[in-house]
Amino acid sequence: MAALIKDTRNIRSARELVEFVRTQTESRGWGRGLRTAVSEWYMRQPIARLAVEVLPDLAAHRHIVRRAHPKPRTLAQNAFFQWVTTGELGHLATAELRAGQFGIVEAVERLHATPDLHEAVRLIEELTLAPELVPPVWKRSPRVWEALLPHAAVESLVAHLRVIGESGVYEDPALSAMLIARLSNRAKLAALGAGALESALAEYRTVARGHAGVEQVLTAALRPESARRCA
């Protein structure tokens, strides 16, 4: 148990925790040691940051929390685990918590509920929401991508190239130029690895409709990686 708790101290994000749990359950299954280690990891995290990290992968964390059965020590932790296991901010999330530590969750819930494009864009811009937190229905709009592009991570943009194309962004010169500018950090692109870039190129080509700008950026990032693989 002590070794597992020590291992979880090196886990820096909720995404890494999901991968850690997957690896551990494949090799040893759920036992007391893993339940305790996972529970302690959740307890050590600031709730506001944890809520943001958990949102894109809520289903996976719901499964983990239900298996680990963590015992909350604060009202905020109690509200957090209620939200993860039910998918909604319940009665334990006070108005103060909703306005503070769970502000991002409240905003994403409003984003999922609103039928209004202007309201959706306002929420995205005010909270600099990542594409992973935006419902698929809104990602069909080039106006939404105009709000997302300035702050979305390169990794997220690469993963969304097909969706971005299907929304009509590639047919808008200004938005295409913005996307290319955001993808022009060759070091960040190369860090994704050749496999991810080649997959992104394949997705891009299905919706590019003759627009070669993004392809040139991705190909340029692939060259040094391809050279190393061929060496």
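**Figure 1. The lining of the second largest pocket, by class and by residue.** In this predicted model, the lining of the second largest pocket is made up of seven nonpolar, two polar and two charged residues. The residues concerned are L55, P56, L58, W83, G87, V105, V108, E109, H112, E132 and L133, and the pocket that they line has a volume of about 170 Å³. Helix α8, which runs over residues 103–113, provides the largest share of this lining, with four residues.

**Figure 2. The largest pocket and the elements around it.** The volume of the largest pocket is about 530 Å³, and 21 residues line it, with R15, V52, P56, A130 and E132 lying nearest its centre. Two or more residues of this lining are given by each of the elements α2 (14–27), α4 (47–54) and α11 (154–159), and the largest share, three residues, belongs to α11. Sorted by class, the lining of the largest pocket holds twelve nonpolar, four polar and five charged residues.

**Figure 3. S156 and its partner E132.** S156 has its place in helix α11, and because its relative accessible area is 5%, under the 20% limit, S156 counts as buried. Its side chain is joined to the side chain of E132 by a polar contact of 2.6 Å. When neighbours within four places in sequence are left aside, S156 is in contact with P131 as well as with E132.

**Figure 4. L89 in the loop between α6 and α7.** Although L89 lies in a loop, the one between α6 and α7 (95–99), this residue is buried, with a relative accessible area of 9%. Once neighbours within four places in sequence are left aside, the residues in contact with L89 are W83, R98, F102, V105, E106 and E109. L89 and E132 are 43 residues apart along the chain, and their C-alpha atoms are separated by 19 Å.

**Figure 5. The two faces of helix α9 and its ends.** In helix α9, which covers residues 117–127, the buried residues are A120, V121, L123 and I124. These residues lie on the same side of α9, because the arc that they cover around the axis is only 160°. The elements that cover them include α8 and α10 (142–148), while the face turned away from the buried side carries the exposed residues H118 and E126. At the N-terminal end, D116 caps the helix, with a side-chain oxygen lying 3.2 Å from the backbone nitrogen of H118. Just after α9, T128 takes a positive phi of about 45°.

**Figure 6. K71 in the loop between α5 and α6.** K71 lies in the loop that runs between α5 (58–68) and α6 (75–86), and this residue counts as exposed because its relative accessibility is 61%, over the 50% limit. A polar atom of the side chain of K71 lies 3.3 Å from the backbone oxygen of H69. From K71 to L97 the separation is 26 residues in sequence and 19 Å in space, taken from C-alpha to C-alpha.

Terms used: Residues are numbered from 1 along each chain as its sequence is written. This is a predicted model: local features need pLDDT of at least 70, side-chain atom pairs count only at pLDDT 80 or more; totals for chains, interfaces and linings use all residues. Side-chain values use heavy atoms; hydrogens and water are left out. On a 1 Å grid over the protein atoms alone, a cavity is a set of points where a 1.4 Å probe fits but cannot get out, and a pocket is an open set with protein on both sides within 12 Å along at least five of seven lines; lining residues have an atom within 4 Å of a point. Grid points are joined across faces, edges and corners, and a volume is the space filled by probe spheres set on the points. Ala, Val, Leu, Ile, Met, Phe, Trp, Tyr, Cys and Pro count as nonpolar, Asp, Glu, Lys and Arg as charged, and the others, Gly among them, as polar. Buried means under 20% relative accessible area, exposed over 50%, partly exposed in between (1.4 Å probe, protein chains only). A polar contact is a pair of N or O atoms within 3.5 Å; within protein, one must be able to donate a hydrogen and the other to accept it, and residues adjacent in sequence count only if both atoms are side-chain atoms. Contact means heavy atoms within 4.5 Å. The arc is that of the directions from the helix axis to the C-beta atoms.
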